[in-house]
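This briefing covers the two chains and the contact between them. The structure comes first, then the notes.

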Amino acid sequence: MTAAPIVRLDNLRFTWPGQSAACLHIAELVVDAGERIFIYGPSGSGKSTLLALLGGVLTPQHGRVRVLGADLSSMRPSLRDRFRSDHVGFLFQLFNLVPYLSVIENVVLPCRFSARRRAQAVSAGNSVQGEALRLLAHLDIDASLLTRRVTELSVGQQQRVAAARALLGRPEIVVADEPTSALDADRQEAFLQLLLRECDAVAATLLFVSHDRRLARAFTREIDLAAINRADREPQGS
Amino acid sequence: MSHLLYLAGRSAWNRRLTLGLTLIAIALSVTLLLGVERVRHDARESFAQSVSGTDLVIGARTSPVQLMLYSVFRIGEATNNVKWESFQHLAAHPLVAWAIPLSLGDSHRGYSVVGTSTAYFDHFRYSGEQTLTFSAGTRFANLFEAVVGAEVAERLKYRAGDRIVLNHGASDIGAEHADKPFTVVGILARTGTPVDRSVHVPLEAIEAIHLDWQGGAPMPGVAIPAEYVRKFDLTPKNITAALIGLKSRAAVFRMQRYSNEYEGEPLMAVLPGVALDQLWQVVGIAERVLLAVSGMVVAVGLAGLVAVVLASLNERRRELAILRSVGARPREIFLLLMIEAVGITLAGAVAGVILLAILTATLAPVAAARYGLIIEQRYVASGELVLLGAVVAMGVLASLLPGYRAYKLSLADGLTPRL
């Protein structure tokens with residue numbers, strides 16, 4: 001298990017239904033455990049598609065997506081969904097929270113779908129709630145905010161609540177899709193430091209996607225999606 | 001599953017205004033549908049129970065339904081009478097166990113006056129084998145005595161010993177028989193039949209109050225005081241109809257034929273059950289139309305539900321994408337939407353049943369008083385259960401649509417909704 005890379009893409013090719021040109025074509029991408037990967041990609045470079053492939057929401061027409069040694073492409077769709085909730089925490093640019101749930105309920109959401117995440121949250125913090133509170137405290141969410149409606153939180157607070165959710169139950173991988181781009185410069189840096197610290201604390205591998213190269217300093221490796229994506233260079237209709 | 005129920009509940013509560021209105025629409029449509037069915041069912045029941053012990057109803061030739069309506073249910077008026085001699089002749093037939101003469105046409109404050117004999121109290125049966133009983137007083141024994149039904153006594157607050165005046169004709173507009181008042185001597189216990197809304201007097205009294213009348217009006221210059229009427233022959237000349245009980249029910253067709261072929265005058269004998277069936281055949285068309293319209297109203301309510309849930313889907317695409325990112329399968333998204341729509345349907349159905357129970361409780365006395373329609377107090381009858389099941393089944397089918405749409409959306413959107 002430890003020998004296997006966290007993520008391994010082999011000759012992956014994905015085309016959106018109804019389109020003739022491939023959106024993504026990646027010959028190889030390997031991410032090892034504990035890496036902090038910064039994936040740079042301007043908008044339209046296929047970032048979201050790559051993340052959906054890693055989450056098992058999409059499957060490639062060609063090639064293989066292996067996560068934690070498991071071949072997502074060969075799994076049944078419902079198993080892929082279960083796999084995602086067990087092993088991957090997601091964090092998006094905006095609107096991460098379910099508006100009708102409280103802060104705590106939003107954080108514990110993955111544990112409603114994943115027994116594994118629930119068990120790990122309980123073993124880490126005695127109870128799911130306890131672990132959620134602990135993570136929220138670590139991410140500087142004041143206790144007074146817990147009873148607020150999530151729609152009343154500031155964007156920065158919402159992103160930190162979402163980060164707590166992505167980390168709850170110790171998923172092996174945290175995938176962050178432009179989580180800082182809605183924040184101002186000072187807060188971007190602070191949020192990034194918090195996220196990296198907590199990923200270290202739960203020993204999660206971080207895949208961080210952004211169009212903002214200034215943030216790359218904090219990561220162990222930077223991947224330019226445009227550089228490894230061959231789709232643009234291929235003739236149309238291939 | 002429980003986590004989906006929880007999420008569906010919280011999400012629905014978040015949109016409680018629109019969903020609440022939809023729920024009310026469904027509840028009202030269910031109330032309407034079940035209400036139509038209940039009134040239909042109970043109307044049949046209360047009609048059938050009104051003449052349970054009678055084998056034949058005899059009257060002048062008319063349609064069987066009309067004869068039943070005026071003689072038993074006090075609806076409408078007789079077009080022709082039966083001669084007293086004819087009644088006596090038929091009553092004396094060896095197959096006949098008992099015969100109750102009925103003389104109708106007068107009224108008391110809107111309630112029918114029934115001239116009859118004491119055989120009425122001995123032989124009339126309703127709701128199976130139940131006989132008439134008195135809640136107060138006794139049957140009439142003298143000329144100007146009256147026995148009132150339970151509804152009459154309750155509405156007009158009559159007690160034994162009260163004096164009442166009859167009106168000529170079926171409405172209060174008719175002239176009063178004010179010179180010959182009656183004394184209430186008995187009050188019948190409630191039966192749930194037209195008996196409750198009747199004032200019963202001796203046949204001879206009907207004759208007596210019309211001694212000085214001719215052609216529906218008092219004869220000018222002639223006034224026969226009450227104390228002198230006994231000097232006249234008060235044997236009735238005509239009656240309106242007769243209820244006949246036979247010694248053996250097997251002889252009913254023989255007796256019917258005998259009555260129909262009676263030579264003294266053209267008569268008609270009908271079996272109450274057969275006549276009621278004819279009535280329901282006629283009414284049945286209207287009933288089916290009413291049921292169909294109520295069914296349509298339910299369909300409209302459910303269409304509204306589907307529209308509301310579908311309309312909310314666009315605003316909820318982010319929410320569904322979040323749920324997908326934390327591990328919800330498309331199948332679970334489908335179920336989430338199903339639960340919401342089916343839940344609203346179920347809640348609407350339950351609310352409809354409760355609303356109907358409240359309406360029945362408040363309106364049943366009015367229906368009983370005004371129309372003699374006895375609506376039973378109950379939550380759901382078996383016939384209504386079938387309709388309720390059909391509503392829920394329709395709701396489940398209708399819910400497939402938003403469920404399927406959400407399923408497709410969440411497959412297409414994945415983790416990032418394309419808005």
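Two residues are in contact if their C-beta atoms, placed from the backbone, lie within 7 Å. On that basis, the contact draws 23 residues from chain A and 18 residues from chain B. This is a predicted model, in which local features need pLDDT of at least 70 and side-chain atom pairs count only at pLDDT 80 or more, while totals for chains, interfaces and linings use all residues. Residues are numbered from 1 along each chain as its sequence is written, and chains are lettered from A and ligands numbered from 1 in the order in which they are written.

**Chain B side of the contact**
- On the side of chain B that touches chain A, α1 (2-14) and α10 (317-325) each supply at least two residues.
- Helices (H or I, at least four residues) and strands (E, at least two) are DSSP runs, numbered from the N terminus.

**Chain B**
- Chain B has twelve helices and 17 strands.
- Its radius of gyration (over C-alpha atoms) is 31 Å, well over the 22 Å that the globule rule (2.2 Å times the number of residues to the power 0.38) gives for 419 residues, so chain B is more spread out than a compact globule.
- The C-alpha atoms of chain B fill a box of roughly 105 × 45 × 35 Å along the principal axes.

**Chain A**
- Chain A has nine helices and nine strands.
- The radius of gyration of chain A is 18 Å, close to the 18 Å from the globule rule for 238 residues, so chain A is as compact as a globular protein of that length.
- The C-alpha atoms of chain A fill a box of roughly 55 × 35 × 35 Å along the principal axes.
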